[in-house]
Amino acid sequence: QAAARCSICGAPAVARIPYARLSLCPSHFMEFVERKVERVLRRVGALRRGARILVAVSGGKDSAAMLTALSKLSKLYGFELVGIHLVLGFGAYSEKSRGTAEKACRENGVPCIVISIEEALGAPVHVIARRARRPVCSVCGLVKRYITNAAAVELRADYVAMGHNADDIIAYTLKLFLNQDLESIAKMGPATESIEGLAVARLRPLYEVTERESLLYALLSNTPFLHDECPYRPVAPIEQRIKESMNRLEEEHPGVKINYIRRLESRLTVYKRLAAEKEWKPQKCPTCGLLSSGGECGFCRLTRRALGEPKGPHVRRLLRELA
Ligand code: SF4
Ligand code: ZN
Ligand code: ZN
């Protein structure tokens, strides 16, 4: 069999994309990914001159791909990027992540805010989790969400960009479906809405970019990223199994993943209606003033329990100084 050629320019291809019936050379593959990111940003209205996007940079492949694609688009469209990296305090893994994230930002010309959770809160994530008697990942997720949102509020950012790729979103929404937690699917589109003063909209630039595409794009762009996995990563969570099944299905039925994710986006209003029926009104945490689902917010409650005092106000002060 002859080596595959780029469907656009005839140069040797590095990627075969069965669902789009394309083979692509490095530069046309990169363009293919960037067009996906551009279209998602256009659909949600984020391609605005002067818009400010806070980019969550973990140091992994998805954040590297997202950062690089966004930085190219920011030059074309004139929006502003600020990176944020949270040091979780997991020893060597966290130190390597930090170095990689800072380098990825520097190489893309994006300023980077680095916040050490241990310094900000007085204990690293796994210690907070142990004291609160909660799984590390659930505490980690809550702390990361809280601090990035608080930073976005203080920086007056219009969006927080998250590196979830298409496979992550597919696996997560299918898991929500299996649990019949349909209301939560409403929040899994390419962007959520801002709630004035309480929460900044979240943006998923890699909404239509698959995990393999994200990895290849990060490699081809030469953006540094860390291959190591978090030491607290749970073994074979259900999302991982769903991803494997979806990849097998995709091989037999090319396009099944991309069709799902596009239909999901077009049906989000259905899920939003379900969420609205629950009459969940966004409220203000009486302790820190950010978003809460009623009473004190999850972060203030967690830190009150694990660290003896609610840390929301302290984190906000710290971020205000940084901003
Ligand atoms: Fe945090 Fe690691 Fe769990 Fe990811 S795998 S949520 S980084 S503890
Ligand atoms: Zn080409
Ligand atoms: Zn709070």
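I began with Val 200, which counts as buried because its relative accessibility is 11%. The model I am reading is a predicted one.

**Entry on Val 200.** I looked up where Val 200 sits and found it in the loop between helix H8 (182-185) and strand S7 (201-203). I then listed what Val 200 touches, leaving out residues up to four places away in sequence: Asn 149, Ala 152, Val 153, Ala 157, Asp 158, Tyr 159, Val 160 and Ser 194. I also checked a distance from Val 200 to Asn 247, which is 47 residues apart from it along the chain; their C-alpha atoms are separated by 33 Å.

**Entry on helix H6.** Next I took helix H6, residues 136-154. Does H6 have the span its length calls for, or what else do its end C-alpha atoms show? At 1.5 Å a residue, the 19 residues should span 27 Å, and the end C-alpha atoms are 27 Å apart, so the two agree. I noted that H6 is mostly covered, with 15 of its 19 residues buried. After H6 comes Arg 156, and I recorded its phi as positive, near 50 degrees.

**Entry on Glu 34.** I moved to helix H1, residues 26-44, where Glu 34 has its place. Is Glu 34 buried or exposed? Its relative accessibility is 9%, so I put Glu 34 down as buried. Setting aside residues up to four places away in sequence, I found Glu 34 touching Ala 69, Lys 72, Leu 73 and Tyr 217.

**Entry on H1 and H2.** I followed H1 to helix H2, residues 61-77. The axes of H1 and H2 come within 10 Å and cross at roughly 65 degrees. I noted the crossing of H1 past H2 as right-handed. From H1, the residues that meet H2 are Met 30, Glu 34, Val 37, Glu 38, Leu 41 and Arg 42; from H2, they are Ala 69, Leu 70, Lys 72, Leu 73 and Tyr 77. Sorted by class, this contact of H1 with H2 has 7 nonpolar, no polar and 4 charged residues.

**Entry on H7 and H11.** I looked up a further pair, helix H7 (residues 166-178) and helix H11 (residues 256-266), whose axes come within 10 Å and cross at roughly 65 degrees. On the H7 side I listed Ala 166, Asp 167, Ile 169, Ile 170, Thr 173 and Leu 174, which meet Lys 257, Tyr 260, Ile 261 and Leu 264 in H11. By class, the contact of H7 with H11 has 7 nonpolar, 1 polar and 2 charged residues.

**Entry on Lys 284.** I found Lys 284 in strand S8, residues 283-284. Lys 284 counts as exposed because its relative accessibility is 58%.

**Entry on Ala 3.** Last, I checked Ala 3, which lies in the segment before strand S1 (15-17). At 63% relative accessibility, I have Ala 3 down as exposed. The C-alpha atoms of Ala 3 and Val 14 are separated by 9.9 Å, with the two residues 11 apart along the chain.

Methods: Residues numbered from 1 in each chain as written. Chains lettered and ligands numbered in written order. Predicted model: local features only at pLDDT ≥ 70, side-chain atom pairs only at ≥ 80, totals over all residues. Heavy atoms only, no water. Axes fitted to C-alpha atoms, helices over the stretch in contact; angles between N-to-C directions. Helix = DSSP H or I, 4+ residues; strand = E, 2+ residues; numbered from the N terminus. Contact = heavy atoms within 4.5 Å. Nonpolar A, V, L, I, M, F, W, Y, C, P; charged D, E, K, R; others polar. Expected span 1.5 Å × (residues − 1). Buried < 20%, exposed > 50% of the residue type's maximum accessible area, 1.4 Å probe, protein only. Left-handed = near helix turned anticlockwise from the far one by under 90°.
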